[in-house]
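Open the model in your viewer and keep the sequence panel beside it. This tour goes stop by stop: what to select, then what is there.

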Amino acid sequence: MLFRGCITPVRHPAYEAATVLVLERLGISVVPLNNTNCCGAQYIESLNERAFLALGGRILALAEQDGKDILTLCGACAGSLKHTKKLLDRRKRARSEVNSLLGKEGLEYTKNVRVKHLLDVFEEDISLEALHAAITNPYAGIRLAAHYGCYLTRPFDELNSPAIKIPTIMDTVIRIAGGRPVEYEGKSRCCGSPILIMDETVANNVGLNKIRNMREAGAAGIVTACTNCDIQLSQVQYGNGMEKSRLPVMTLLQFLGPAMGISDDDLGMYMNRTSPSRIIESLTGVR
Amino acid sequence: MEQSEDKSYRGDFPVRDQDVQASFKYDVASMVGGEGLLRCLKCGACSGGCPVGSVIDYRPRKVLGNVLLGLKDEVLSSDQIWLCAACFTCEERCVQQVAFTDVVTVLRNMASKEGHAAPGYVKMAEMVMQNGRVSARTGVVDKMREQLGLPPLQDPAIDQLRGIMKAAGLYGVIAANKKEGESD
């Protein structure tokens, strides 16, 4: 059940397209969750948590109606829906408050839905063997930096698997596709995107520090798993005298697509802000 | 990072008795998400890992310290609670399970009620209210989706969204912060 969220379909449709195509190859069918609203992460949450819980509760209730898990592509949506679920599941009063707001539409949230981010799906639902088998045109060892983002790995309570303190799934996927994941300083650090609204300079410096660390570790490109991170790590590389040294940024699924024989155009490669050619040209096979 | 003198989160020392509201920390701790506050040892592990603190002088420990001290007005009316990126790094490192990010959400909700929400946040909330999402739909987007073979952008369920926001009290919060903006 794909909850597209509100930023991905507008600002990063290529991520959405790549997700549907690649997951299909891996045997997972993605059904859109329609009639949804914005999850309210960060902005609504900060101003009025009651409204935030009700917005998230509505999304959870809609997916429940269809009896499927929720899949999110954006880290902020994943984090906020998991957080909403945690609060509503634990607190009866908050739940009944939300349900009374949803009741007007005939909706009710009853704790029976799971929220998964794309990386959770790779972690839990796709076997490494199946992934191996789907790779028909592997990369020839290009060095790539995985950027996990914040809400996908933290906080380490029941929201995310406590066994995985230091996430490795993206690195594993990169390796299976023929890339060489690099270790770099501040790997789990934030991209700076949430601070853009308060102070652009601070936000950009957080992002640029991250990119500097990736470059120092020898990365030739960046692989992301969150819409906001992807946009942020791309945009900070503009206007900072980095013309000659920009690292290509792409989502994990856009990275996997070409290695599975999916065409660049179908994956929306040409829509990427940074040129993807350095990564795509490192594929071993003839294209 | 520009900060006006009266809004500096570093504050002025010594702290004066009249600025201290001893009950403040209990008010925060009584809210959902604020429970961990009273366990804080002020060890500073939160500040050490803060990505915002790596580029400017921003210290989560200082924020917690101010709340525990009872500097209600300073905490609620300054930028300090709005600069957190909510990345959860401090939460991961905290030995006392304070959950700084959740405490910040409680503080932001309190500040918003009093008309002290950061203007950027109010603007984004209004954007969501107006468009149903944080980024606006354009003709270019529709074309990109078509090229990718994606279904047209779905309706953002704007009526339901507004209904929920209104019933939950968000309209009142936004109005409170707009008034504040006009009087500045």
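**Chain B, the overall view**

Among chain B contacts (heavy atoms within 4.5 Å) between residues at least 6 apart in sequence, 69% join residues at least 24 apart. This is a predicted model, in which local features need pLDDT of at least 70 and side-chain atom pairs count only at pLDDT 80 or more, while totals for chains, interfaces and linings use all residues. Residues are numbered from 1 along each chain as its sequence is written, chains are lettered from A and ligands numbered from 1 in the order in which they are written, and side-chain values use heavy atoms, with hydrogens and water left out.

Keep chain B selected and colour by secondary structure. It comes to 10 helices and 0 strands. Helices are DSSP runs of H or I, at least four residues; strands are runs of E, at least two; both are numbered from the N terminus. Along the sequence the pattern reads α-α-α-α-α-α-α-α-α-α. The C-alpha trace spans about 60 × 35 × 35 Å along its principal axes. Of the 184 residues of chain B, 49% count as buried. Buried means under 20% relative accessible area, exposed over 50%, and partly exposed in between, with a 1.4 Å probe and protein chains only.

**Two positive phi values**

Most residues other than glycine have a negative phi. Select B:Gln97. Its phi is positive, about 50°, although it is not a glycine. B:Gln97 sits in the loop between helix H5 (89–93) and helix H6 (100–113) of chain B. Its relative accessibility is 60%, so B:Gln97 counts as exposed.

Now go to A:Lys111. Here too phi is positive, near 75°, in a residue other than glycine. The loop in question runs between helix H6 (92–102) and strand S3 (115–117) of chain A. A:Lys111 counts as partly exposed because its relative accessibility is 38%.

**The sheet of chain A**

In what order do the 3 strands of the open sheet run? The order is S1-S2-S3 (chain A), with parallel pairing. Two strands pair if DSSP finds at least two bridges between them. Strand S1 (2–3) and S3 of chain A stand at the edges with a single partner strand each, so one side of each has no neighbour in the sheet. Strand S2 (residues 70–72) of chain A pairs with S3(A) in the parallel sense over 3 bridges. Pick A:Leu71: it stands opposite A:Lys116 in S3(A).

**A helix pair in chain A**

Select helix H2 (residues 13–25) and helix H12 (residues 252–259) of chain A. Their axes come within 8 Å and cross at roughly 50°. Show side chains. H2(A) contributes A:Ala14, A:Ala18, A:Thr19 and A:Val22 to the contact, and H12(A) contributes A:Leu253, A:Gln254, A:Leu256 and A:Gly257.

**Last stop: A:Thr251**

Select A:Thr251 in strand S7 (residues 249–251) of chain A. Buried or exposed? A:Thr251 counts as buried, at 0% relative accessibility. Leaving aside neighbours within four places in sequence, A:Thr251 is in contact with A:His12, A:Tyr15, A:Val223, A:Thr224 and A:Asp230.

Key
Axes fitted to C-alpha atoms, helices over the stretch in contact; angles between N-to-C directions.
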